Amino acid sequence: MKEKGWKEIPIGGLILEPGNAEKYLTGSWRTFRPVVNKEKCTSCLLCWIYCPDDSIIVEDEQMKGFRYEHCKGCGICKNVCPFKAIEMVEESKYQQIEK
Amino acid sequence: MATIEAMTGDEVAAEAMRQINPDVVAAYPITPQTEVVQNFSQSVANGRVKTEMIRVESEHSAMSACVGASAAGVRAMTATCANGLALMWEIVYIAASYRLPIVMAVANRALSGPINIHCDHSDSMGARDSGWIQLYSENCQEVYDNLIQAVKIAEDKSVLLPVMVCFDGFIISHATERVEILDDEKVKNFIGEFKPQYPLLDLNNPVTYGPLDLFDYYFEHKRQQVEAMENAISVIEKVGKEYEKISGRKYELVEKYNLEASDMVIIAAGSTAGTIKATIDELKEKGINVGLLKIRTFRPFPHVQIRDALKDKLCVAVMDRSASFGARGGPIFLEIRSTLYEEKKKPVVVNYIYGLGGRETTVEHIKKVVDNLSKIKKTGKVDRLIDYLGVRE
């Protein structure tokens, strides 16, 4: 997203457009990445309830994974998962693979 | 028809507030501002205003409640001084940063410690970088006039900044003077109805106040505040002219008194400007001419107007009723010297720190300043760049 100049933005740090946090990508803040083991996951959706960044993808009431562009890697999903289906994996490991 | 009353600075501040009739006042009493809150509470109790009076447990809460009310979309006011202003500190900056047009009466008092309840400008001068507009008043009439104008200045769309109306604790706040009070209706029409720009309670246009603002946008928001302060210069002038039409009293960014007649100038803010005027009149009879440049607006600092006013002057004494410890002179002195830096031909500018903690500053003191200015004018020599008027060695 192109950053705007001081004449282009609302005064006082106000947000005039509800829900525009979606445009602000925070995935790069992550140190640990949540990874789901689909064999253990029952789609109870506790992770979806607790996720503070709306980063759990749900389709047809099934847990389908994570929105990594917004997930900050806080690990709450891992902590609340009753089936230990979510593992937090060091982000650096993925970056090495992706390279 | 205006009525003529005998009122103290605090009483007349409360009277202005009654006429402004703010939607919310959240305030905590502190000497010498107490009577502002006391008298205004009386108006609330007597049903003379529609104000929601919030009796808070501290000044921090007072300013917080004003921020909440103003963001919600109503006109909010408060009053404080000294340690009360210090306790508000965190929220004082937030009010300016959120661009909330709150108006606050400040009965200037020395900051502790050691504890002192009397006048100096250390409280509001400490807040000079907070993003609030600051108007200084010379007497009770100016407290009243400045408060009414402050509402209009703060709420101007090109400004949207909070305003402090400063007046000297006890010297103005507790001194009874003749004041002209405008008709309620006149004041009401002058300030008009408050039309908030981004009210939190407008459910059709939801807004967020106070989100996290990091390295990517905080700087841009500060730049906007700088611009709003710049805009305030012409708005203060415009509102002053409009106010003159309804009151007959002239208000500019700075006031000039006998300035054209002399190449020696004293610069001051607050009640001491009155003492200086009296001294000027007295000396005039003896054939000594000196001018006064009164700083009514300290934030934004009207540097263009001051530079023009000091053109062709030879020597200037800047009076500061606060010390900036470790700095090369008081806050007004620093601004004046900086204003003149680019000028090829500039006057000698000396500084007097005076009146700290309510130390009496009399005509005799001002005469000493004039004596020294005459000496500088004659010899071109400055003994002390920064001097302390009335302190014992």
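I started at B:Leu253, which counts as buried because it has 23 C-beta neighbours inside 10 Å; the cut-off for buried is 20 or more. The model is a predicted one.

**Entry 1, B:Leu253.** I looked up where this residue sits. B:Leu253 is in the loop between α8 (218-247) and β9 (254-257) of chain B. I then listed its contacts, leaving out residues up to four places away in sequence. B:Leu253 touches B:Ile233, B:Ile236 and B:Glu237, and also B:Arg296, B:Thr297, B:Pro302 and B:Gln305. For B:Pro302 I noted the separation: 49 residues in sequence, but 6.6 Å in space from C-alpha to C-alpha.

I took helix α1(B), residues 9-20, next. How far does α1(B) reach from its first C-alpha to its last? The reach is 16 Å for 12 residues, close to the 16 Å expected at 1.5 Å a residue. I checked burial and found 12 of its 12 residues buried, so I put the helix down as mostly covered. Among the buried residues are charged ones, including B:Asp10, B:Glu11, B:Glu15 and B:Arg18. B:Gly9, B:Val12, B:Ala16, B:Gln19 and B:Ile20 are also among the buried residues. Just after the helix, B:Asn21 takes a positive phi of about 55 degrees.

Helix α2(B) covers residues 34-45. Its 12 residues should span 16 Å at 1.5 Å a residue, and its end C-alpha atoms are 16 Å apart, so the two values agree. In α2(B) I found B:Glu35, B:Val36, B:Val37 and B:Phe40 buried. I asked what covers the buried residues of α2(B). The cover includes α1, β2 (24-27), β4 (76-80) and β5 (103-108) of chain B. After the helix comes B:Gly47, with a positive phi near 70 degrees.

The axes of α1(B) and α2(B) come within 8 Å and cross at roughly 40 degrees. The two helices are therefore oblique to each other. I recorded the crossing of α1(B) past α2(B) as right-handed. On the α1(B) side the contact is made by B:Asp10, B:Glu11, B:Ala13, B:Ala14, B:Met17 and B:Arg18. On the α2(B) side I have B:Glu35, B:Val36, B:Asn39, B:Phe40 and B:Ser43. By class, this contact has five nonpolar, two polar and four charged residues.

I looked at a second pair in chain B, α9 (residues 272-285) and α12 (residues 363-379). Are α9(B) and α12(B) roughly parallel or roughly perpendicular? Their axes are 9 Å apart and the packing angle is about 65 degrees, which makes α9(B) roughly perpendicular to α12(B). The crossing is right-handed. From α9(B), the residues B:Thr275, B:Ile276, B:Ala278, B:Thr279, B:Glu282 and B:Leu283 take part. They meet B:Val363, B:Ile366, B:Lys367 and B:Val370 of α12(B). I counted the classes here as six nonpolar, two polar and two charged residues.

Last, I looked up the contact between the chains. It involves 11 residues of chain A and 17 residues of chain B. The chain A side has seven nonpolar, three polar and one charged residues.

Methods: Residues numbered from 1 in each chain as written. Chains lettered and ligands numbered in written order. Predicted model: local features only at pLDDT ≥ 70, side-chain atom pairs only at ≥ 80, totals over all residues. Axes fitted to C-alpha atoms, helices over the stretch in contact; angles between N-to-C directions. Helix = DSSP H or I, 4+ residues; strand = E, 2+ residues; numbered from the N terminus. Parallel < 35°, antiparallel > 145°, perpendicular 65-115°, else oblique. Left-handed = near helix turned anticlockwise from the far one by under 90°. Contact = placed C-beta atoms within 7 Å. Expected span 1.5 Å × (residues − 1).
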